[in-house]
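Hi,

Here's the structure I promised to pass on.

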Amino acid sequence: VRNLYLVRHGETYYNVEGRIGGDSDLTLRGQAQAKELAAYFAGTEVPYIFTSTRKRSAQTAAPMREARPEATVMALPEFDEIDAGECESLRYDDIRRRFPDAFAARQRDKFHYVYPGGEGYVTLRERVERGVRRALFLAGGAPGVMIIGHQAINRMILSHFLYRRTEDVPYIFIPQTQFYHIVATQRKKLFELVRFM
Ligand code: G3H
């Protein structure tokens, strides 16, 4: 693989409401972002597109898939968003009120914090790395691979390719209208944040 395009799903109803987790659909704005993404990549070779099993990820891939029927599009559960356990579908404000200790603990050490009944960045690493290995294996020598993931997942993937101190990983910027282009050469890896709309 020479080019890895790391994309976050488009805007969802949960994003607008400030809720975490869940399996929400893309809003109209999110659908427009997905179309712009496909338009941006029109002339680019991307024979492999990996999504998570969540609707927002598959819906973001839909225009890409339509534009290139020959591409392999595959959903990997390893790329599903961090499981927030008992905090799934809540707003950060709700979490602060209902689980003040948990909220404070997460603020103190976001990387090592594990949601009750769910995951944390620290426990996510193993499955995300497994997903990356699986995706790169499936894609073989393909010139371009796209992963349409989620905020926490994409932070983890970036930190797999680019060194980041663990305490900084949960704060890496993962926008919805820009993607990370990671270029792997034999000697080094370069990355660039690219706006597509
Ligand atoms: O829970 C889903 C979020 O996308 C992860 O964001 O780790 O900054 O709370 P956070």
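Predicted model: local features only at pLDDT ≥ 70, side-chain atom pairs only at ≥ 80, totals over all residues.

Below is what turned up, starting with some housekeeping.

Residues are numbered from 1 along each chain as its sequence is written.

The sheet: six strands make an open sheet, ordered 3-2-4-1-5-6, with mixed pairing. Strands here are DSSP E runs of at least two residues and helices are H or I runs of at least four, both numbered from the N terminus; two strands pair if DSSP finds at least two bridges between them. At the edges stand strand 3 (72-75) and strand 6 (189-195), each with a single partner strand, so one side of each has no neighbour in the sheet. On average, neighbouring strands are turned by 20° against each other, direction ignored. Strands 1 and 5 run antiparallel and are joined by four bridges; asparagine 3 has valine 183 in strand 5 as its bridge partner.

Helices on the sheet: helix 3 lies across strands 1, 2, 3 and 4, at about 160° to strand 2. Helix 7 packs on the sheet too, touching strands 1, 4, 5 and 6, and its direction makes about 155° with that of strand 1. (Contact means C-beta atoms, placed from the backbone, within 7 Å; axes are lines fitted to C-alpha atoms, for helices over the stretch in contact, with angles from 0 to 180 degrees between N-to-C directions.)

The core: the largest nonpolar core has 38 residues, and Leu6, Val7, Ile147 and Met156 touch the most other members. Such a core is a set of buried Ala, Val, Leu, Ile, Met, Phe, Trp, Tyr and Cys residues joined through C-beta atoms within 7 Å. Buried means 20 or more other C-beta atoms within 10 Å of the residue's own, exposed means 12 or fewer, and partly exposed is in between, with C-beta atoms placed from the backbone. Helix 6 gives the most to this core, six residues. Leucine 6 touches, among others, Ile147, Phe179 and Ile182.

The ligand: around it are Ile20, Gly21, Glu81, Ile82, Ala84, His150, Gln151, Ala152 and Pro170, taking a C-beta atom, placed from the backbone, within 6 Å as the cut-off.

Most residues other than glycine have a negative phi. Serine 89 counts as partly exposed, with 14 C-beta neighbours inside 10 Å.

Cheers

Definitions and conventions
Contact = placed C-beta atoms within 7 Å. Lists of a residue's contacts leave out its neighbours within four places in sequence.
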